[in-house]
Amino acid sequence: MGAYAAAYERSIADPTRFWGLAARDVRWLVPPDRVLDDGAPPFYRWFTGGELNTCDNALDRHVEEGRGEQPALIYDSPVTGTVRTYSYRELTELVARFAGALRDLGVDRGDRVVIYLPMIPEAVIAMLACARLGAVHSVVFGGFAANELAVRIDDARPKVVVSASCGIEGSRIVPYKPLLDQALELASHKVDRCVIRQRPQLHADLVRPRDTDWDEAVAGAEPAECVPVAATDPLYILYTSGTTGRPKGVVRDNGGHAVALRWSMENVYGVGPGDVFWAASDVGWVVGHSYIVYGPLLTGCTTVLYEGKPVGTPDAGAFWRVAAQHRVKALFTAPTAIRAIKKEDPEGALLAGHDLSSMDTLFLAGERTDPDTYHWATRVLGKPVVDHWWQTESGWPIVANPRGLEPMEIKPGSPSVPVPGYDVRVLGPDGAPVPPGTDGDIVLRLPLPPGNLSTLWQDDERFVESYLTRHPGHYLTGDGGRIDEDGYVWVMGRTDDVINVAGHRLSTGTMEEVIAAHPAVAECAVIGVADELKGQVPRGFVVLKSGVDTDPAALRDELVAMVRGQIGPVAAFKEVAVVPALPKTRSGKILRGVMRGIADGRDVPVPSTIEDPSVLDDLRPILRSG
Ligand code: COA
Ligand code: AMP
């Protein structure tokens, strides 16, 4: 039996022993009494009785163990012309001091802190400072608008918000402070204190005494020590899109998270202490949490924080420049970034002159790696290109080619095999397992391994209803697909109304809520349609209220502006069509799946429950013309 098969079998047959052994790589202040507490299904807790501090494991312990002078973080920002390296010692000092500043602002163990920052070192420092205090951070992606920020502030109820004067998107300066001020106006939860990082590119006006300048806040602060927390205490909340407009607050604990991420670095990504790891994502997404910040630092790696784009900063050779300059061993990005590079530099000419001999592997996730992208990247790089599948809820890979454990055969289009700890199954509509090669709901048999979400923030009921009810005893991933005869998983797309736009997970439900509020709109549907660069883009279809006579182009502009203003530019909502009617079932449900299928050029059967088939016939040419 190979190393992968053996590890997988052990993890499923005896998870307690498997994860108990993995937990030895974490520094515990109090060792756990139990590895897995399964006394209250469907809720499971890992490492109960244990105490640790995640920041201690990510920073202090490495300094004590002799890595003080090793680079912990390399901030590479082509948009500001900066490359700056922070050693473990320096980063520990900066984090301890910012933790002291937060404590002076009243932040204590269990309090929430919302972080709305661009890709600057302060984002990493703020996250780790929260972890140091046992406070719970909730990072909000910078591409979201004020309204989305306000919704998250109201749910997390933070004591402090940490933000910056601006972000930089390519050559464009994006003011953050007006968005924050607007969000704080919109939110019903009142935030007493904000810390604002003033960037040289744009000065923000501070609202005193609520706002404090970052530098002032740290100037008077004493460094804070790590606060011991329970393994089961929350480390962070990360909001993600669900089917409805209300985002889901995924809660990650401290103990299981540290154990799982530490294990994944060596076994999935094949990197260890001292190696350089680069996840070209954003700290606002789960990839950024797990593999820009926590995974690499828990492992004693050097992590790269890149403030730039795959193209345009300055060109499509940017990724290769960064990987070569910092001797990156594993690069992780989204397929859309590779497609963007391929589009600008189809022959990979910009690889010339960049020594990528340090690089072992290119890891891709966030959306399915289409075979074209896989073949292109493999050809130009001459390195293994590894697709792997996971989601905000899992926090680390569910299905992957575990390069560190045992490199497996690559089947383009499949993220490969279930990672140890994950009992992946495919169930049919009746809840029964389907034969190999047959599509169904991809589910994970409970208990989920450590590091997965423990619940939704203050909403156990929604957690159970969203994930654990459809197939009792299993976690519903929301993705559909199949497992082939060799045990390879093929993830074919979401079975709900979540879409993936340039690797960003978005809810069409939220977009529909925004559009439906327009006075001219009677009803609407937003679907995700295939896009060559971004994987999917949203397309809106609106039916006007009777008697409304409006210029479709003007309406389109208004709706696009509304979505951009209320959800954010990241929604990339640009296409709207006015249609006479939407196809519905007799019970009034809009047939979004059928619309999506037609728009993508698939042969979709028209359901027998359709109320009026002629509506679909009228819509067909519009859907196909996108
Ligand atoms: N702050 C403010 N605005 C932001 C933002 C941020 N942090 N991130 C994105 N935006 C804006 C962009 O400027 C763009 O605005 P525009 O419509 O005015 O041009 C919009 O949101 C859409 O951004 P994006 O999806 O990034 O598209 P793009 O056209 O700028 O770039 C790619 C296309 C493919 C280069 C880019 O999407 C990319 O690098 N994707 C990688 C995705 C990724 O890392 N995903 C994380 C999962 S691994
Ligand atoms: P997020 O929670 O933002 O990480 O998005 C998770 C969703 O992205 C998954 O549920 C999938 O729909 C999709 N996804 C992520 N990685 C992959 C992949 N490698 N293959 C197919 N879909 C993916």
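The tour below goes from the domains to the ligands, and then to a few single residues.

**Before you click**

This is a predicted model, in which local features need pLDDT of at least 70 and side-chain atom pairs count only at pLDDT 80 or more, while totals for chains, interfaces and linings use all residues. Residues are numbered from 1 along each chain as its sequence is written, chains are lettered from A and ligands numbered from 1 in the order in which they are written, and side-chain values use heavy atoms, with hydrogens and water left out.

**Stop 1: the two domains**

Colour domain 1 (3-308 + 388-481) and domain 2 (502-625) separately; the bounds come from an automatic or database domain assignment. Their centres, taken over C-alpha atoms, are 33 Å apart. Where they meet, 17 residues of domain 1 are in contact with 14 residues of domain 2 (contact means heavy atoms within 4.5 Å).

**Stop 2: ligand 1**

Which domains supply the shell around ligand 1? Both domain 1 and domain 2 do, with at least three residues from each. Select the 22 residues around ligand 1, and you'll find Glu-169, Arg-172, Lys-309, Pro-310 and Arg-564 nearest (a residue is near a molecule or strand if one of its heavy atoms lies within 4 Å of it).

Now look at the polar contacts, meaning pairs of N or O atoms within 3.5 Å; within protein, one atom must be able to donate a hydrogen and the other to accept it, and residues adjacent in sequence count only if both atoms are side-chain atoms. The side chain of Glu-169 has an N or O atom 2.7 Å from an oxygen atom of ligand 1. Tyr-176 puts a polar side-chain atom 3.4 Å from a nitrogen atom of the ligand, and an N or O atom in the side chain of Lys-574 is 3.4 Å from a ligand oxygen. On its own, ligand 1 exposes 940 Å², and the protein buries 83% of that (areas are from the Shrake-Rupley method with a 1.4 Å probe; for residues, only the protein chains shown count as cover).

By class, this shell has ten nonpolar, six polar and six charged residues. Here Ala, Val, Leu, Ile, Met, Phe, Trp, Tyr, Cys and Pro count as nonpolar, Asp, Glu, Lys and Arg as charged, and the others, Gly among them, as polar.

**Stop 3: ligand 2**

Jump to ligand 2, which 15 residues surround; the closest are Asp-387, His-388, Thr-392, Asp-479 and Arg-505. Asp-387 has a side-chain N or O atom 2.7 Å from a nitrogen atom of the ligand. The side chain of Gln-391 brings an N or O atom to 3.0 Å from a ligand oxygen, and a polar backbone atom of Glu-367 is 3.5 Å from a ligand nitrogen. The protein covers 94% of the 490 Å² of accessible area that ligand 2 has on its own. Four nonpolar, five polar and six charged residues make up this shell.

**Stop 4: Thr-477**

Is Thr-477 buried or exposed? It counts as buried because its relative accessibility is 2% (buried means under 20% relative accessible area, exposed over 50%, partly exposed in between, with a 1.4 Å probe and protein chains only). Thr-477 is in strand β26 (residues 474-483); helices (H or I, at least four residues) and strands (E, at least two) are DSSP runs, numbered from the N terminus. A polar atom of the Thr-477 side chain lies 2.7 Å from the backbone oxygen of Ile-442, and that side chain also reaches the backbone nitrogen of Asp-479 at 3.1 Å. Leaving aside neighbours within four places in sequence, its contacts include Trp-389, Gln-391 and Arg-494.

**Stop 5: helix α15**

Select residues 508-516. Seven of the nine residues of this helix are buried, so α15 is largely enclosed by the rest of the structure. Ser-507 caps the N-terminal end, with a side-chain oxygen 3.1 Å from the backbone nitrogen of Gly-509.

**Stop 6**

Most residues other than glycine have a negative phi, and most peptide bonds are trans. Start with the cis bond joining Pro-41 and Pro-42, where omega is about 5°; Pro-42 lies in the loop between β1 (34-40) and β2 (43-48). The bond from Leu-446 to Pro-447 is cis too, with omega near 0°.

Finish on Phe-47, a non-glycine residue with a positive phi of about 60°. Phe-47 is in strand β2 and is buried, with a relative accessible area of 0%.
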